[in-house]
Amino acid sequence: MKTRLWLLGGLVLLALASACGDNGSGNGDGGTGDGGDGDGGTGDGGCTGLCTDAPPFTGGCTVGSTIQCADCIDNDGDGKVDGYDIECSGPLDDDEGSFSTGIPGDNMDAVMQDCFFDGNSGAGNDGCNIHVCCLLGATSKATCPIGANRYDVADCPPPLGSTPLSQMCIDTCGALTPPGCDCFACCTICDPANPAQCYDILTNPSASPNCNETNLADPAACLPCTKNTACGNDECGGTTCILCPGQDPSTLPTSCGGTASCPNGTTVCGAGGVCGPSTYCSNGCCIGVIL
């Protein structure tokens, strides 16, 4: 069992001090003089330069960080930075260009799925452990495309099977899950080039190794999945005001008034993407961070 460590929110808070400053001094050094990149103080109420994401988002980050999903840089050139990139799962995710986290020892098992968002493989520290075919909706061994010899549909959580998830899994992993996803990385992902077009796909690279933002519509690359509604923050899009990864606020229902909200148990990120201790700004919502 891996030791559980809570990652303090200094990563995000430092972002505002080092990269964004007070955004109102207009002195060009981020308002603090200790880490600004020359683009920080514009007086327009939002970060600029490396700290800026595509409007209307900004994201907490640390200039000079070596972690791709926390370094204030659009590493994969898709116009989205760090927590607003659909391929970033948290501040220790070191691969902004794919759904892999880039964390050593993570995403190792294509068959048995644990909590995708805790930064490691194995059910020991999160209580989550289901067969991948439960997510793929397989009703029998014959329809299970991955690890069929280990599959028993009865072991799946309801409604497909009859084995409920552990409360530990629901409590531990649910708080770490970004908007639009269940605990096992079955997520509603919207095409950044066409934010109104969204797909429920299994983003875990151990099962969908070739899936990325360019081929979301290809079921062979991005395996279609059914979310587990008992664990995670699966609700987004549709008639809600919760943005799915890749979704643009312009696609929200008119009843939202152009303002996005967050799932129960999470809060909207503050100005500049700031979140409280042990949380990370993901797609506008503060989610937990744990290893």
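A residue is taken as buried under 20% relative accessible area, as exposed over 50%, and as partly exposed in between, with a 1.4 Å probe and protein chains only. By this criterion Ser208 is buried, because its relative accessibility is 2%. The structure is a predicted model, in which local features need pLDDT of at least 70 and side-chain atom pairs count only at pLDDT 80 or more, while totals for chains, interfaces and linings use all residues. Residues are numbered from 1 along each chain as its sequence is written, and side-chain values use heavy atoms, with hydrogens and water left out.

Confidence is expressed as pLDDT, the predictor's confidence in each residue, from 0 to 100. The mean over the protein chain is 76, and 76% of the residues score at least 70. Helices (H or I, at least four residues) and strands (E, at least two) are DSSP runs numbered from the N terminus. Confidence is lowest in helix α1 (residues 10-20), with a mean of 33, and highest in helix α2 (residues 132-136), with 95. Over residues 1-59 the pLDDT stays under 50; for this segment the model has 126 contacts beyond four places in sequence, a contact being heavy atoms within 4.5 Å.

A nonpolar core is defined as a set of buried Ala, Val, Leu, Ile, Met, Phe, Trp, Tyr and Cys residues joined through side-chain atoms within 4.5 Å. The largest such core has 38 residues, of which Phe117, Tyr151, Phe184, Ile189, Leu202 and Leu216 touch the most other members. Two or more residues each are given to this core by α2, α3 (167-174), β4 (186-191) and β5 (194-202). Helix α2 supplies the largest share, four residues. Beyond four places in sequence, the contacts of Ile189 are Ile86, Phe99, Gln197, Cys198, Tyr199, Ile201, Thr203, Leu216 and Pro245. Ser208 is located in the loop between β5 and β6 (232-233). With residues up to four places away in sequence not counted, Ser208 touches Leu202, Ala221, Cys222 and Leu223.

Disulfides were assigned to pairs of cysteine sulfur atoms within 2.5 Å, and this rule gives a count of 15. In the pair Cys133 and Cys144, the sulfur atoms are 2.0 Å apart, and the link is right-handed, with 80° about the S-S bond.

Cys186 and Cys225 form another disulfide, with a sulfur separation of 2.0 Å. Its link is right-handed, at 95° about the S-S bond. Here distant parts of the chain are linked, with Cys186 in strand β4 and Cys225 in the loop between β5 and β6, 39 residues apart. Cys186 is buried at 0% relative accessibility, and Cys225 is buried at 8%. For the disulfide of Cys211 and Cys222 the sulfur atoms are 2.1 Å apart; this link is right-handed, with 100° about the S-S bond. Cys211 and Cys222 are each in the loop between β5 and β6, eleven residues apart, and both are buried.

Strands are treated as paired if DSSP finds at least two bridges between them. Strands β8 and β9 (residues 285-288) run antiparallel and are joined by four bridges. Ser282 has Cys285 of β9 as its bridge partner.
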